[in-house]
Amino acid sequence: MSEFWKRKIKTYFKALDFDKDGYISEDDFGELGRRFAVSRNATAEKKEELMRSLRRVWQIYMKYEDPKSSKRLTAAIFIESMKQQFYDPDFVALLTQLILGLFELLDVNQDGYLQPEEYERWFDDMGFPEEAFDRKAAFDAMDTNHDNKLSFDEFIRAYFDFVFSQDESSPNKFFFGPLVD
């Protein structure tokens, strides 16, 4: 895998490390689910569905844990885990289900699209300061048909492009905010 891809996965890691302790843990995944569910006034059913998906993704990531890690993933182990999952269709299907649940929560007005303000709230929930990067440019890069809203198809394509592409010129490289060094 390219150094560029590793930078993207480190950026993904940083976004998932909610308590900013340098590890991803099951607690981070739980906080992710809780934060989105509360912020979006999710029904109990939607919250549980999201939490179930997050637990399944967490279990897959943990297949490559360091036994000395106390059920936490370092950035290096997370990168290795993502590398191992790269071509696994079951993993891709699980991520698709998770991203669909996330998309539905982000779509506050439930019109089947993410409006710019719904997209921006996502970064607020993830803890990215507004000045960290150009959110509008990231939104516009995903909005491939230029209708000023994101369909699920546009959103999932951008997500998978971020996670799997090694193309440095991809406009979706800021899916999880500015890339870390």
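## Charges over rings

The charged end of arginine 72 sits over the ring of tyrosine 23, 3.6 Å from its centre, where sitting over a ring requires NZ of Lys or CZ of Arg within 6 Å of the ring centre and within 35 degrees of the ring normal. Lysine 8 lies over the face of phenylalanine 162, at 5.4 Å from the ring centre.

## Basis of the values

This is a predicted model, in which local features need pLDDT of at least 70 and side-chain atom pairs count only at pLDDT 80 or more, while totals for chains, interfaces and linings use all residues. Residues are numbered from 1 along each chain as its sequence is written, and side-chain values use heavy atoms, with hydrogens and water left out.

## Aromatic pairs

The structure holds 20 aromatic pairs, counted for rings of Phe, Tyr and Trp (its six-membered ring) whose centres lie within 6.5 Å. Tyrosine 12 and phenylalanine 176 form a stacked pair, 4.5 Å centre to centre with 20° between the planes; planes under 30 degrees apart count as stacked, over 60 as edge-to-face and the rest as tilted. Because tyrosine 12 lies in helix H1 (residues 3–16) and phenylalanine 176 in the segment after helix H8 (152–164), the pair ties together parts that are 164 residues apart in sequence; helices are DSSP runs (H or I, at least four residues) numbered from the N terminus. Both tyrosine 12 and phenylalanine 176 are buried, that is, under 20% relative accessible area with a 1.4 Å probe and protein chains only.

Note on methods
Helices (H or I, at least four residues) and strands (E, at least two) are DSSP runs, numbered from the N terminus. Buried means under 20% relative accessible area, exposed over 50%, partly exposed in between (1.4 Å probe, protein chains only).
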